[in-house]
Amino acid sequence: MADHHAPNLPASSEGAVGGVDGTRERVVAAAMDEFARYGIAGARVDRIAKQARTSKERVYAHFRGKEALYAQTAARELGVIAQATHIDARDLPGYAGRLFDYFTSRPDHYRLISWGRLELTAGDGTSQDAIAGKVEQLRQAQRDGALDPTWDPFDVLALVNQIATTWSAQPEIAAAASEHSDDRSVAARRAAVVRAVERLFPAAAPRP
């Protein structure tokens, strides 16, 4: 969706003008909060500029518009997630537990990524590259005999991600569980996630 308030400024192929500087970093940090709270359509560049202690004009000097700014913010967050959770195709239950931990402690980060899925067309190059890398790791684990080869690795990745983010994606059930479950702890929710993935994709034996 185009940002109709953006002036017609030249931009690089990466969606930004000029180099990375303090202002740009502050804008991306402010955009993280704004997009997580309001989504892309509801986000306001003037609020982002105010939080970043700059002007709308300076924001547009670095980014074409809201979609370019969201793309930069989301790409950075996806990189952080990948480093923090690091998929191990030989231990998918452990990977699911790390994803659970990351998003449980950072619900705003989950919302940031979810808004893009809702509002933008799938196929962003950054996310596609990340997916391809993970799928190749899963294929290698299948070739090594560490993962059931009868599964399509795309199905494996989708199912593990979905199970790991079950509680982040359904906060209403999480709230009910915190009030009425026999074990109301976050640890119990995490254990259920890890156990579910373990039953589908058991961890491989450690390498000798």
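Val156 counts as buried because its relative accessibility is 1% (buried means under 20% relative accessible area, exposed over 50%, and partly exposed in between, with a 1.4 Å probe and protein chains only). This is a predicted model, where local features need pLDDT of at least 70, side-chain atom pairs count only at pLDDT 80 or more, and totals for chains, interfaces and linings use all residues. Residues are numbered from 1 along each chain as its sequence is written, and side-chain values use heavy atoms, with hydrogens and water left out.

Let's get the overall layout first. The chain has 11 helices and zero strands (DSSP runs numbered from the N terminus: helices are H or I with at least four residues, strands are E with at least two). Of its 208 residues, 35% count as buried. Take the contacts between residues at least 6 apart in sequence: 68% of them join residues at least 24 apart (a contact means heavy atoms within 4.5 Å).

Back to Val156, which sits in helix H8, residues 153-164. Leave out residues up to four places away in sequence, and Val156 touches Leu92, Leu138, Leu147, Trp151 and Phe201. Val197 is 41 residues away from Val156 in sequence, yet their C-alpha atoms are 9.7 Å apart in space.

Now for one of those partners, Trp151. You'll find Trp151 in the loop between helix H7 (125-143) and H8. Trp151 counts as partly exposed because its relative accessibility is 27%. Setting aside neighbours within four places in sequence, Trp151 is in contact with Gln142, Val156, Leu159, Leu200 and Phe201.

Next, the rings. The structure holds four aromatic pairs (rings of Phe, Tyr and Trp, using the six-membered ring of Trp, pair if their centres lie within 6.5 Å; planes under 30 degrees apart are stacked, over 60 edge-to-face, and the rest tilted). Here are two of the pairs:

| Pair | Centre to centre | Angle between planes | Type |
|---|---|---|---|
| Phe35 and Tyr70 | 5.3 Å | 85 degrees | edge-to-face |
| Tyr102 and Phe103 | 5.4 Å | 90 degrees | edge-to-face |

Arg106 lies over Tyr102, at 4.2 Å from the ring centre, and Arg47 lies over Tyr38, at 4.1 Å from the ring centre.

Last stop: what lines the second largest pocket? (On a 1 Å grid over the protein atoms alone, a pocket is an open set of points with protein on both sides within 12 Å along at least five of seven lines; lining residues have an atom within 4 Å of a point.) The lining has 18 residues, and Thr104, Trp167, Ser168, Pro171 and Ala174 lie nearest the centre. Helices H5 (92-105), H6 (107-119), H9 (166-169), H10 (171-180) and H11 (186-200) each give two or more residues to the lining. H10 supplies the largest share, five residues.

Terms used:
On a 1 Å grid over the protein atoms alone, a cavity is a set of points where a 1.4 Å probe fits but cannot get out, and a pocket is an open set with protein on both sides within 12 Å along at least five of seven lines; lining residues have an atom within 4 Å of a point. A charge sits over a ring if NZ of Lys or CZ of Arg is within 6 Å of the ring centre and within 35 degrees of the ring normal.
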